[in-house]
Amino acid sequence: MPFIPHTEDDVRHMLSAIGVERIDDLFDEIPPELRAGELQSVPEGMSEMEVTGLMHMRAREDGQPLCFVGAGAYEHHIPAAVWQITTRGEYYSAYTPYQAEASQGTLQLLYEYQSMMTALMAMDVSNASLYDGASGLAEAVLMAVRANRKSKSRRILMPRTLHPAYRKTVRTIVRNQGIELVELPFDLRTGKTDPNALQAHAGEDFAALAIPQPNFFGVLDDVDALTDFAHANGMLAIAVVNPLAMAVLKPPGEWGDAGADIACGEGQPLGAPLASGGPYFGFMCCKQAMVRQMPGRIIGKTVDLDGKTGYALTLQAREQHIRRSKATSNICTNQGLLVTAATIHMALLGGEGLARVAAACHANTTTLIERLTEIQGVERGFDSPVFHETVLKLAAPAADILRSLAAHNVLGGYRLSDDYPELGDAILVCATELRNAVDINEYATKLARIMATCAQVECPVEPKFN
Amino acid sequence: MLIFEQSRGGRRAFAQAPAQKAELSGIPETMQRKQPPALPEVSEMQTVRHYTRLSQKNFSIDTEFYPLGSCTMKYNPRACNALAMLPAILGRHPHAPDSHSQGFLACMYELQEMLKDVTGMRQVSLVPAAGAQGEFAGVAMIRAYHESRSDDARTEIIVPDAAHGTNPATAVMCGYKVREIPTLDDGDVDVEALKHVLGPQTAGIMLTNPSTVGVFERRITEIAALVHEAGGLLYYDGANLNAILGKVRPGDMGFDVIHMNLHKTFSTPHGGGGPGAGPVGVSERLVPFLPVPMVGFDGHDYHWLTEKECPQTIGKLSAFAGNAGVLIRAYVYARLLGREGMVRVSEYATLNANYLAKRLSDEGFALAYPARRATHEFIVTLKKQAKELEVTAMDFAKRLLDYGYHAPTTYFPLLVPECFLIEPTESEALHELDGFVDAMAQIQAEAEDSPDRVKTAPHSLPVRRLDDVRAARELDLRWQAGD
C-alpha cells in the first residue's frame with residue numbers, strides 16, 4: 001500500500017489490542033446514513049513510474065517558450081545550491097518552529113533572513129514572510145490603519161500604477177473591514193503618479209499612501225517626493241518594491257526625509273522559480289516603533305538556561321493562536337520554505353552579486369527597448385527611467401501580435417488593455433539577466449517579421465510553429 | 001554562528017553573478033543606492049556548509065516521528081517534489097497563454113474535480129494560499145451570499161471554544177462578531193447552547209469535524225439543520241480531513257463551504273512553516289462567489305475562469321493563482337493514491353491513533369475523552385502529573401525531544417488542561433508507535449523518581465529551554481554589524 005507501512009500481522013495485532021475486529025469498526029461513531037459511497041472522480045492509483053510519465057507528458061505539452069513577460073513574476077538564475085539545500089528533508093518536512101529547541105535550524109535561518117531583508121530595505125525590522133506580494137500589501141494596508149494614530153480615516157491612497165492584481169487582492173481582503181481604497185491616476189506621458197492628482201488630496205485624512213517602486217509599468221517614480229507628501233499629510237508611507245531592484249535603487253528606509261514606514265513586496269525574485277505564480281513569498285519590513293502592529297511570525301534572539309544563544313518565535317501575543325479574535329491577522333502558516341530558499345539565495349549572491357544581477361537586468365532591458373523600438377510600429381509608452389520592464393505601444397492589435405509571437409514560441413509581453421484601456425494596444429515587456437543578446441535578437445527578428453506582415457495584410461497573422 | 005559572522009569583505013560565490021557590473025545608464029543617480037546592501041560576503045561552499053549544518057538542528061518528518069496533533073505530519077513523498085520541479089513546470093510563467101498551459105491547466109482541473117469528489121461539494125477553487133486564507137475565503141463567501149440577498153442583519157459567526165485560533169481571527173477579518181459556544185464533557189458541541197445563540201443575527205458557524213478534541217461530532221446533521229433553519233451557513237474547517245477521507249464527506253454532512261489543508265491531508269510539505277495550500281469547496285448556493293481564478297474545461301480545451309466569467313466572485317486572494325507548485329505536489333499525491341489509496345489514508349490514520357491511545361491508556365496515561373472512539377488523533381491530559389509530581393505537559397514535551405520524538409501539540413485545545421494532542425498519521429509503522437509509548441512510560445518513571453531530569457529537559461538538543469520572556473522584552477530581531 002503506497003505510503004502505509006503496515007503488514008497484515010501488524011494490523012491484526014493492533015486491532016486485537018484495540019479490541020475491534022475490523023478497521024471499519026473504528027468509524028462506528030459516524031452516523032451510518034452519512035457514510036460515503038465509492039469516490040467517482042478519483043481515478044485508480046498509479047505507480048510512481050506511471051505518474052512520472054504523465055507529468056513529463058503534461059510538462060512537454062506546455063513547452064518552454066522564451067519568456068519576456070514579467071508583470072510581477074520574473075525569471076532569474078537560481079544557484080543550484082539553493083533548492084538542493086532547501087529541499088533537504090530537515091527544512092522541507094519540518095513544521096512551524098513552535099518547539100524551539102527542536103527547530104533551531106529554521107529559527108536561526110529566519111533570523112538571518114530578517115537581518116538580510118532589513119539590510120536590503122534599510123528598515124528596522126522584518127517579519128518572517130507573508131503569502132505573496134499582493135496579499136502582503138493587503139496586510140500592510142490593515143497594519144497602516146491600525147498603526148496610524150494620527151489618522152481617523154480608514155482610507156488608503158492607491159496609485160493606479162500599482163500592479164492591478166495587487167489592487168484587486170487588497171480590495172478582496174480589506175473590504176469587509178470598511179476600508180476605502182482611493183485610486184490615484186497616473187500621468188499618461190511619464191507613467192508616474194500624477195503629481196497634480198496627488199496634490200488634490202493634500203490636507204485630506206488618509207491612513208496611508210502606497211508607493212510602488214518600480215511601478216507596474218517598470219517606471220521609477222519620484223519616491224522621495226511621494227514619501228514626503230505622505231508624511232506632510234499625516235499618512236504612513238507604504239513602499240511596495242521589487243527586492244532585487246533595491247540592490248541598486250534607493251531603499252525604502254532612505255526615501256524622503258524620514259523613510260517609508262512599511263516596506264513590502266513580492267519576494268519571488270530572490271530565489272523562487274516562476275512555477276505558474278507560486279509558491280512565492282511576501283516580505284514585510286517596518287520601523288521599530290510599529291513592530292507590535294506587524295502581522296505574521298517574528299523571530300527573536302534570546303538565550304537558553306545556560307546562557308547560550310538561541311532563537312525563538314517572539315511577540316506571539318499579536319498572533320491568532322494566542323489572541324484569537326483580537327489578533328493582528330488570521331495568518332498562521334506563511335511561506336517558510338520559500339524564505340529558506342531566499343536566505344540561501346541572498347547569502348550566495350551577497351549585496352554585490354545582487355547589485356550585478358539587477359544591473360544586468362537593467363542593461364538587457366535597455367538593449368531590448370533599443371532593438372524593439374527600431375521596429376516600425378513599436379514605440380515606448382512613457383519617457384521615464386525604468387528598471388527592468390517597460391511599456392511598448394504597438395501600431396497593431398496587441399492580442400494578435402502576442403498570439404503570433406507565442407505561436408513562434410516567444411512570450412512577448414503582458415497585454416495591458418484589460419487593466420489600462422487608456423493605453424490602447426500596449427504591452428509590458430521585461431528582460432532579466434537571463435535574456436541575453438541572442439534571445440533579444442530572436443524576439444526582435446520575430447516581432448519585426450510579424451509587424452511587417454501585419455502592416456501588409458490584415459491581422460491576425462496565421463502562426464507557424466518553429 | 002550566524003552567516004553574517006563568517007563574512008569577509010570581497011568574498012563572494014563568484015560563479016553566481018555576472019563577472020562585470022553593467023552600467024545603470026538609464027537611472028538617475030538620485031534614484032540609485034549608494035552602497036550595496038550589507039549582506040553576508042561568503043563563498044559558495046561556506047554557504048552550503050552553513051545551511052546544511054543548520055538543517056541538522058531541525059526535527060522533521062524525514063528524520064523523526066512527529067505526532068503533532070491537528071498538523072498531519074505524514075510522509076511527504078519525494079516524487080511529488082521531483083515532479084513539481086520538472087524544468088518546464090518550474091519555468092511556466094503565470095501569464096503564459098492558454099496555448100502554452102494545457103498541461104498545467106489539465107492538472108489543476110483534475111485536482112479540482114478530485115477535491116470536489118472527496119469533499120462532496122459542488123465546486124472547488126484552488127487559489128487560497130494556506131488554511132487561514134481558505135478560511136478567509138470561506139467566511140467572505142458567506143458574507144457575500146448574505147449581502148447578495150440583502151440579508152444585512154447577520155453580524156455574528158458562531159465558533160466552538162475548542163476551535164483553532166484562526167477561526168475567530170478570520171471571522172473578525174471578515175467584519176463579523178464572534179460568538180463562542182461551549183463543548184460538552186463528551187467532546188461534542190453543546191447543541192442547547194447553540195440553539196440559544198442562533199438567531200436572525202447568525203451569519204454562520206465554523207466547525208471542524210472531527211473536532212479539535214479528536215472526536216467525531218455525532219449530532220452534525222441536527223446542527224446543520226438548526227443553523228440552516230436560522231438562515232445561517234455552515235463552514236467546515238478541513239484541518240482534520242485526514243480522519244475521514246473517503247469515509248464521510250463534509251458536503252453530505254450539510255456543510256456549505258469547506259477549506260482543505262493540502263499540506264496536511266494531501267501530503268504537501270510543511271516547509272518549516274509554509275507554503276501551504278487551502279483550496280475551498282462550496283455547495284450550490286455559494287458557487288458564484290468562489291475566489292478566482294479557477295480552471296474551466298469546454299470538453300476540448302482548458303481555460304481560466306476569471307472575474308469576467310464569475311462576476312459575483314469575492315475576488316482575487318493573491319497576485320496569480322495561489323500556490324501552484326504546492327497544488328502540483330498535491331495532484332501527484334492524489335494520482336499516486338488513487339481512490340483506494342484515499343480511503344486507506346483515513347483507515348490507517350485512525351487505526352494508528354486508536355492503537356496509540358489504547359497503549360498509552362494501558363500505561364496509565366489519562367485520555368481526555370476515554371468513552372469516545374479516537375479519530376485520527378486523540379488527547380492525553382497530564383493534569384494528574386502536573387498536580388501530583390509538578391511535571392507539566394510542557395516538561396513531558398521537552399523530554400520527548402531527548403528521546404528523539406517530536407512533541408505532540410501541547411496546550412491545544414485550550415479547554416483541556418495539560419493536554420497533548422497526538423496525531424500519529426497513517427505513515428508511521430507499528431514499531432514507531434510502540435517506541436513512542438515506551439518513551440512516554442520512561443518519562444513517567446523519571447517524573448516520579450527524578451522529576452528535575454524532566455523539568456529541565458531537553459538535555460541533548462542544540463539548545464536547552466529558551467528564555468521567551470527575554471526574547472519579547474529585549475527585542476533582538478536582526479544581526480547588526482558590531483553584534
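**View 1. Lining of the second largest pocket.** The lining of the second largest pocket divides into 21 nonpolar, 11 polar and 6 charged residues (Ala, Val, Leu, Ile, Met, Phe, Trp, Tyr, Cys and Pro count as nonpolar, Asp, Glu, Lys and Arg as charged, and the others, Gly among them, as polar). This is a predicted model, in which local features need pLDDT of at least 70 and side-chain atom pairs count only at pLDDT 80 or more, while totals for chains, interfaces and linings use all residues. Residues are numbered from 1 along each chain as its sequence is written, chains are lettered from A and ligands numbered from 1 in the order in which they are written, and side-chain values use heavy atoms, with hydrogens and water left out.

The second largest pocket holds about 920 Å³ of space. A pocket is an open set of points on a 1 Å grid over the protein atoms alone, where a 1.4 Å probe fits, with protein on both sides within 12 Å along at least five of seven lines; lining residues have an atom within 4 Å of a point. Grid points are joined across faces, edges and corners, and the volume is the space filled by probe spheres set on the points. Of its 38 lining residues, A:Tyr98, A:Gln316, A:His321, A:Ile322 and B:Thr410 lie nearest the centre. Two or more residues each come from β10 (309-313) and α10 (320-323) of chain A and from α12 (393-402), β12 (409-410) and α15 (468-473) of chain B (DSSP runs numbered from the N terminus: helices H or I, at least four residues; strands E, at least two). The largest share, 4 residues, is that of α15(B).

**View 2. The largest pocket, with a volume of about 1300 Å³.** Its lining has 36 residues, and A:Tyr414, A:Arg415, A:Asp418, B:His95 and B:Trp304 are the closest to its centre. By class, 18 lining residues are nonpolar, 8 polar and 10 charged. Helix α12(A) gives the largest share, 4 residues.

**View 3. The interface of chain A and chain B.** Here 184 residues of chain A are in contact with 198 residues of chain B (heavy atoms within 4.5 Å). The rule finds 10 salt bridges across the interface (a side-chain nitrogen of Lys or Arg within 4 Å of a carboxyl oxygen of Asp or Glu). In the salt bridge of A:Asp24 with B:Lys247, the closest N and O atoms are 2.7 Å apart. Helix α11 (residues 336-373) of chain A gives the most to the side of chain A that touches chain B, with 21 residues.
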